[in-house]
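Q: I would like a close look at one part of this model, followed by a walk through what surrounds it. Please keep it brisk.

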Amino acid sequence: MPRPIIIDTAPGIHDALAIMLAAGSPELELLGLVAVAGNVGLEKTAPNAAALADLLRLDCPVGRGAAGPLWRRDTKPAWDVHGEDGFGGYELPLSNREFEAGVPLMARLIEESPGPVTVVAIGPLTNIAGLIT
């Protein structure tokens with residue numbers, strides 16, 4: 001039986017690869033993707049997550065989570081890591097998916113699952129902090 005997971009992510013190139021590997025694994029059941037701001041802002045990571053879900057033909061919801069840290073306000077994008085769009089300039093077609101609120105989506109997916117759910121946090125942990133408070 002596949003392990004149910006939620007991927008909490010700030011999709012740049014490295015997170016995109018992790019999502020692709022998870023989506024292709026028969027050992028995992030991807031319940032949802034939740035975007036968080038990372039090396040680029042949420043205005044890029046959320047559409048990146050939705051575009052990846054479309055590209056991979058994932059039948060799961062995509063959430064839009066935290067736009068920045070809980071308390072630190074002096075952070076800046078790290079465009080030098082993955083470019084201004086997070087994908088190093090590679091463009092995926094824009095998705096028409098509607099975003100759900102990220103933390104409530106994670107809570108709902110966990111609550112609805114008949115068994116334990118693993119949250120694979122591969123981005124900043126801001127959404128996780130919201131989930132456990």
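Which residues make the nonpolar surface patch, and about how many Å² does the patch cover?

A: This is a predicted model. The nonpolar surface patch is made by Leu17, Met20, Leu21 and Leu55. Its area is about 390 Å².

Start with helix H1. H1 spans residues 13–24 and gives the most to the patch, with three residues. Leu17 is in H1. Its relative accessibility is 48%. The exposed class begins over 50%, so Leu17 at 48% counts as partly exposed. A patch residue needs over 30% relative accessible area and no salt bridge, so the 48% of Leu17 clears that accessibility cut-off.

Now take Leu55, another member of the patch. Helix H2 covers 42–55, and a loop runs between H2 and strand S3 (62–64). Arg57 sits in that loop. Its phi is near 55°, a positive value in a residue other than glycine. Most residues other than glycine have a negative phi. Arg57 has a relative accessibility of 76%, so Arg57 counts as exposed.

Arg97 forms a salt bridge with Asp54, and the closest N and O atoms are 2.6 Å apart. The pair links distant parts of the chain. Asp54 is in H2, Arg97 is in the loop between H3 and S4, and 43 residues separate them. Both partners fall in the middle class of accessibility. Arg97 has a relative accessible area of 24%, so Arg97 is partly exposed. Asp54 is partly exposed too, because its value is 33%.

Asn96 lies between helix H3 (79–82) and strand S4 (100–101). Its relative accessibility is 78%, so Asn96 counts as exposed. Asn96 and Asn39 are 57 residues apart in sequence. In space, their C-alpha atoms are 24 Å apart.

How many salt bridges does the whole structure hold? A search finds three. Arg97 with Asp54 is one of them. Arg108 takes part in others. Its side chain meets that of Glu100 in a salt bridge, at 3.1 Å from N to O. It also meets the side chain of Glu112, at 3.2 Å from N to O. Arg108 and Glu112 both lie in helix H4 (residues 102–112). They are four residues apart, about one turn of the helix. Shared partners join Glu100, Arg108 and Glu112 into one network.

Arg108 has 31% relative accessibility, so Arg108 counts as partly exposed. Glu100 counts as partly exposed because its value is 31%. Glu112 is at 52%, so Glu112 counts as exposed.

One more feature deserves a look: the largest pocket. About 260 Å³ of space lies in it. Of the 14 residues that line this pocket, the closest to its centre are Ala37, Gly38, Gly68, Pro69 and Thr75. The lining divides into seven nonpolar, five polar and two charged residues.

Back to the patch. Leu17, Met20, Leu21 and Leu55 form it, and helix H1 is its main contributor, with three residues.

Terms used
Residues are numbered from 1 along each chain as its sequence is written. This is a predicted model: local features need pLDDT of at least 70, side-chain atom pairs count only at pLDDT 80 or more; totals for chains, interfaces and linings use all residues. Side-chain values use heavy atoms; hydrogens and water are left out. Patches are made of residues with over 30% relative accessible area and no salt bridge: like charges are joined within 9 Å, nonpolar side chains (Val, Leu, Ile, Met, Phe, Trp, Tyr) within 5 Å. Accessible areas come from the Shrake-Rupley method with a 1.4 Å probe; for residues, only the protein chains shown count as cover. A salt bridge is a side-chain nitrogen of Lys or Arg within 4 Å of a carboxyl oxygen of Asp or Glu. Helices (H or I, at least four residues) and strands (E, at least two) are DSSP runs, numbered from the N terminus. Buried means under 20% relative accessible area, exposed over 50%, partly exposed in between (1.4 Å probe, protein chains only). On a 1 Å grid over the protein atoms alone, a cavity is a set of points where a 1.4 Å probe fits but cannot get out, and a pocket is an open set with protein on both sides within 12 Å along at least five of seven lines; lining residues have an atom within 4 Å of a point. Grid points are joined across faces, edges and corners, and a volume is the space filled by probe spheres set on the points. Ala, Val, Leu, Ile, Met, Phe, Trp, Tyr, Cys and Pro count as nonpolar, Asp, Glu, Lys and Arg as charged, and the others, Gly among them, as polar.
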